[in-house]
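Please look through the structure shown here together with the paragraphs that follow.

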Amino acid sequence: MIGQLLGSPATAFYAACALLLLAVAVVAVVLKPAVALWALAILYLTEYTTPIPLDTSLVKAGSTHIYPADAVAVVLLIVTAIYLIRQPPPARIMFPLTVAGMIFTVNLALGVATFGLHHAVNESREWLYLLTTTAFVITVGSWTSRFWRPWFVLALGVMGLAWLGVARYGLHSATAPIIVNGQQVDPRPLTAGGAAALALALIILLGSPAIRVRRKIIFGTAAVCTLIVVQQRTVWAVLAVTFLVWAAASLRRHSTARHRRLATTGVAVFSTAAVALAAGVATGNVFDRSLAETTSKHSTLVWRVIGWTDLLHTDRSAAGLLFGFRFGTGYRRIIDGHVVIASPHSFYVGTVLRLGLIGLIALAFLYWNVWKHRHQAAAALGISSLTVALLLIALVVFSLTYQPSFVMGAQVAALLVWNPAREPQPAADPVAAPTTQLLGEGP
């Protein structure tokens with residue numbers, strides 16, 4: 001591929017310009033790491049939030065393409081290495097992250113040697129973006145409450161794209177694909193990742209004491225209406241679970257009377273809406289058809305479970321399940337008599353296949369660190385400790401049926417705060433006392 005890129009003076013000139021731009025980008029991010037967050041938000045908004053296929057290749061050399069996300073990943077890797085030399089994160093964070101990174105690197109190298117660069121790299125891209133972004137955010141930290149600004153802007157952009165999609169192509173049920181530019185695409189105006197980015201921004205905004213109640217109500221109403229319209233049912237489940245956890249915490253006796261009233265009202269509204277949806281399944285409208293599909297005999301969840309079972313039990317060695325399988329081996333399985341090669345649609349299954357059980361345990365240890373140090377993260381990022389817990393729960397639920405995006409990875413990585421000078425001890429754990437306000441002016 002390098003020979004193709006440097007085969008002519010013009011190509012060599014463009015390569016030199018690319019290296020110069022890369023150097024400038026690295027310097028800019030080293031001096032001001034928040035630039036990378038804005039770049040990630042813009043990149044995700046333009047490429048990953050809608051199901052409309054786009055060709056955004058920067059370079060094409062035969063069957064190998066280089067995308068903007070690849071360039072951003074290289075910049076983040078270089079900046080991460082620079083910061084690691086300055087001051088590495090503590091062992092509680094660095095060790096599991098290193099284990100996951102080493103397994104990824106080994107399986108990628110084995111995949112390239114066995115299947116070639118094209119197949120191995122294509123299959124590893126999602127993991128490369130996720131691990132690179134996670135390592136960057138952890139290493140560069142700690143962050144302040146300004147960390148959330150790019151993600152709030154991303155959420156506003158996602159809402160705009162969702163309603164633009166509805167205006168252009170109409171509102172369809174999740175089970176009725178449409179044709180766009182001659183290709184069959186998902187009828188929903190947002191991908192699951194785009195809807196999840198909006199849902200996490202909603203959780204963060206409601207859990208920020210510094211944001212006024214009026215803004216929370218306006219943004220929250222717009223976000224909820226948008227998430228209903230886009231019909232990403234996994235995200236519906238994420239919001240339902242996080243809401244119920246918040247309500248349960250707010251109804252405990254240590255909570256304020258305002259929280260208990262708010263939680264009681266919220267549970268009543270949620271229950272009424274659930275009963276109305278369940279009673280209206282037979283009416284046949286767009287939302288009812290999407291909801292009814294989740295309980296059908298051939299629902300997408302059943303389809304996924306069959307695929308997960310086949311992927312984990314078909315010709316899988318014990319060593320492979322422990323350390324993961326090389327990239328390029330694919331995800332071929334048989335579902336209802338049909339051959340399927342798409343991704344597993346589960347972060348946990350995908351982790352076992354590519355990073356093994358060891359990699360899954362390493363990532364779980366990072367999540368445990370988020371939970372253990374959630375009060376420290378809340379103080380640094382300007383949100384409540386309950387909100388930190390809700391973000392972690394949202395990631396865990398979403399990961400059941402989807403691979404988290406690098407945006408979700410960045411947001412959870414920011415919760416792994418650490419002090420470069422001294423690792424502070426976590427505060428006492430008043431787990432039963434959610435004193436901070438999701439819809440108030442602060443604790």
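The buried residues of helix 5 are covered by, among others, helix 6 (117–140), helix 14 (318–323) and helix 15. This is a predicted model, and helix 5 takes up residues 91–115 in it. Its buried residues are Arg92, Ile93, Pro96, Leu97, Val99, Ala100, Ile103, Phe104, Asn107 and Gly111. With 25 residues, helix 5 would be expected to reach 36 Å at 1.5 Å a residue, and the distance from its first C-alpha to its last is close to that, at 35 Å. After helix 5 comes Gly116, which has a positive phi near 95°.

Helix 13 can be read in a similar way. It holds 14 residues, 300–313, which should span 20 Å at 1.5 Å a residue; the C-alpha atoms at its ends are 20 Å apart, so the two values agree. Buried in helix 13 are Arg304, Gly307, Trp308 and Leu311. Viewed down the helix axis, these buried residues lie within an arc of 105°, and therefore they line one face of helix 13. What they pack against is helix 10 (233–250), strand 5 (333–335) and helix 15 (347–372).

These elements belong to a protein with 18 helices and six strands. Of its 443 residues, 46% are buried. Which share of contacts joins residues at least 24 apart in sequence, among contacts between residues at least 6 apart? The share is 77%.

Next come pairs of helices. Two packed helices are described by the angle between their axes and the distance between the axes. Helix 2 (residues 9–31) packs with helix 4 (residues 68–86) at an angle of about 45°, and their axes are 9 Å apart. Because of that angle, helix 2 counts as oblique to helix 4. Their crossing is right-handed. On the side of helix 2, the residues that meet helix 4 are Leu22, Ala25, Val26, Val29 and Val30. Helix 4 meets them with Val74, Val75, Ile78, Val79, Ile82, Tyr83 and Arg86.

A second pair is formed by helix 7 (residues 149–169) and helix 9, whose axes come within 10 Å and cross at roughly 45°. Helix 7 is therefore oblique to helix 9. The crossing of helix 7 and helix 9 is left-handed. Helix 7 contributes Ala155, Leu156, Met159, Ala162, Trp163 and Val166 to the meeting of the two helices. From helix 9 come Phe219, Ala222, Ala223, Cys225, Thr226, Val229 and Val230.

One residue of this pair can be followed further. Phe219 is located in helix 9. Is Phe219 buried or exposed? Its relative accessibility is 11%, so Phe219 counts as buried. Apart from neighbours within four places in sequence, Phe219 is in contact with Ala155, Leu156 and Met159, and also with Leu198, Ala201, Leu202 and Leu205. Ala155, Leu156 and Met159 are in helix 7. Between Phe219 and Ala201 there are 9.8 Å in space, C-alpha to C-alpha, and the two are 18 residues apart in sequence.

The loops on either side of helix 9 also hold residues to look at. Ser208 sits in the loop between helix 8 (192–206) and helix 9 (213–230). Its relative accessible area is 9%, so Ser208 is buried. With residues up to four places away in sequence left out, Ser208 touches Lys216, Gly382 and Ile383. In the loop between helix 9 and helix 10 lies Gln231. The phi of Gln231 is positive, near 60°, although the residue is not a glycine. Gln231 has a relative accessibility of 0%, so it counts as buried.

A positive phi also occurs at His345, a residue other than glycine, with a value near 60°. Where is His345 placed? His345 is in the loop between strand 6 (338–340) and helix 15. Its relative accessibility is 22%, so His345 counts as partly exposed; the cut-off for buried is under 20%.

Note on methods:
Residues are numbered from 1 along each chain as its sequence is written. This is a predicted model: local features need pLDDT of at least 70, side-chain atom pairs count only at pLDDT 80 or more; totals for chains, interfaces and linings use all residues. Side-chain values use heavy atoms; hydrogens and water are left out. Helices (H or I, at least four residues) and strands (E, at least two) are DSSP runs, numbered from the N terminus. The expected span of a helix is 1.5 Å times one less than its number of residues. Buried means under 20% relative accessible area, exposed over 50%, partly exposed in between (1.4 Å probe, protein chains only). The arc is that of the directions from the helix axis to the C-beta atoms. Contact means heavy atoms within 4.5 Å. Axes are lines fitted to C-alpha atoms, for helices over the stretch in contact, and angles run from 0 to 180 degrees between N-to-C directions. Angles under 35 degrees count as roughly parallel, over 145 as roughly antiparallel, 65 to 115 as roughly perpendicular and the rest as oblique. A crossing is left-handed if the near helix is turned anticlockwise from the far one by less than a right angle, and right-handed if clockwise.
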